[in-house]
Amino acid sequence: METVYLTFNELQKLVSEILVVGGLSKAQADAMATVMTTAEQDQCKSHGIYRILGAVKSIQGGVVEGHAEPVLFNTPNKPIVKVDAKGGFAPLAFDCGFDVLVEKTKQYGIGAMAINNCVHFSALWPEVERFAAKGLAALAMCPSAAYVAPAGGIRKLLGTNPFAFAWPCTGGNPYVFDFATSVAARGEVELYRLKQQELPDGWGIDSKGQPTKNPEAVLDDGALLTFGGYKGSAFSTMIELLAGVLIGDFLSIESSEFDKGRMLAPRHGELIIAISPDAFGITDAVEHTQRLLSEFEQQGARLPSQRRYKEREKSMLKGIPITQANVERLHKMKTGDFSENVF
C-alpha cells in the first residue's frame, strides 16, 4: 500500500479545512486539527484522523456548538482558572486558559483549571506535554460517557475516564503517560470493530454481563472493563468525583443521558492540575529524576511514551506517513463527502 508523507503543517491545514466544512469555526477547527495531527505524528491512530468523521457527526448531530467561543474566568488572588467551553470541543477552551494557568502555577506553586461544558474529543497527553515544556508538572483528567462497568458490575456506569501526567525534569523528553482507566480506550475497540477482529481476553462484557471478545457486543449493549479490576474501578471513580462533582459538571452516566442514545461525542468537563517544582525549592530535579529513569534503561524496561517519541522523531525527519487511500479520503471529506471513514 502506497504511503504519502506530509509535513505537520500540511496535514494540520488539511484536517482544519475538513473540519470547517464539517461545521466548525476556523478557531475551533485549528485547535482540533492540531491535536489530531499531533496524534498522527506520534502514530497514535486512535486519536488521529480516524476521529474526523466522529467529530463531524457530533457537530451535525447537535452535540457540539461548532462556532462556540470559550469564556475565561480568571479568579483573582486564587490559583484557579475556569473556562466555559460553551458546548464546543475542549482543545480551544484549553488554549484559552493555558497561559493564565501557567502564570498562576508559577505564582502560587500549584494551579488548577476547570473546563466546563465541553466535548473532549482528543488525547490528554498533548495538553500535559505543553506544561512540561514550561517546566511544570501536570495532571489532566476527564469523564466521558458511560461505557465501562465497575469492578463486579454488569452494566455501563463509568466512563473510559482518561488520566494523563507529565513530569518536566528529565533533561530531554518529559516523562509522560496517558491512559484510559478502562482496559483500553473506546477508540481502540472501535478500531477492532472496523478491522473485524476479536478483542483480547478481559476487555469487555456483553449485555448479560458475560465476558466477550466481540467488539460489537461490547460497544452496543455490553460494557468495557476497568484495568486492574477494582483498582482501575476506584481510579475511574476518583476521576468522576474530581472532574465531575468537584468542577460541577456531568458524571459519565449524565453525559450518556444528555446524548439520548445517539452515541455521539460525550459532553462533560475536564480538570487540569499544574505544579511548579521550583516552588518546592528543588535544585537537583533533573539529576534526581535521571537517577530514577536511567534505571529503566539499565534494566531494559520501557518508559511510557518511548514509542511515541521515536515515531515523532521519524515524522519530523521524513514527514507524517499517511496511506494514499486515506489521503484520497481526506480530500473527499474536504469537498463535504463524509460517507467514508479514515482509518
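Reader: How many nonpolar, polar and charged residues are in the lining of the largest cavity?

Author: Five are nonpolar, two are charged and none is polar (nonpolar: Ala, Val, Leu, Ile, Met, Phe, Trp, Tyr, Cys, Pro; charged: Asp, Glu, Lys, Arg; polar: the others, Gly among them). Keep in mind that this is a predicted model, where local features need pLDDT of at least 70, side-chain atom pairs count only at 80 or more, and totals for chains, interfaces and linings use all residues. Numbering runs from 1 along each chain as written, and side-chain values use heavy atoms, without hydrogens or water.

Reader: Which residues line the largest cavity?

Author: Rolling a probe the size of a water molecule over the atoms shows where empty space is left. Here Tyr147, Lys156, Arg186, Val218, Leu219, Ala223 and Leu224 form the lining (an atom within 4 Å of a point on a 1 Å grid where a 1.4 Å probe fits but cannot get out). Helix 7 (215-219) and strand 11 (223-225) each give two or more of these residues (DSSP runs, H or I of at least four residues, E of at least two). The volume is about 30 Å³ (probe spheres set on points joined across faces, edges and corners).

Reader: In what sense do strand 2 and strand 3 pair?

Author: Strand 2 (71-74) runs antiparallel to strand 3 (80-84), over four bridges (pairing takes at least two DSSP bridges). Asn74 stands opposite Val81. The two strands make a hairpin with five residues between them, and Asn77 in the turn has a positive phi of about 60 degrees.

Reader: Which residue of strand 4 stands opposite Val81?

Author: Met113 does. Strand 3 and strand 4 (110-119) pair in the parallel sense over five bridges.

Key
On a 1 Å grid over the protein atoms alone, a cavity is a set of points where a 1.4 Å probe fits but cannot get out, and a pocket is an open set with protein on both sides within 12 Å along at least five of seven lines; lining residues have an atom within 4 Å of a point.
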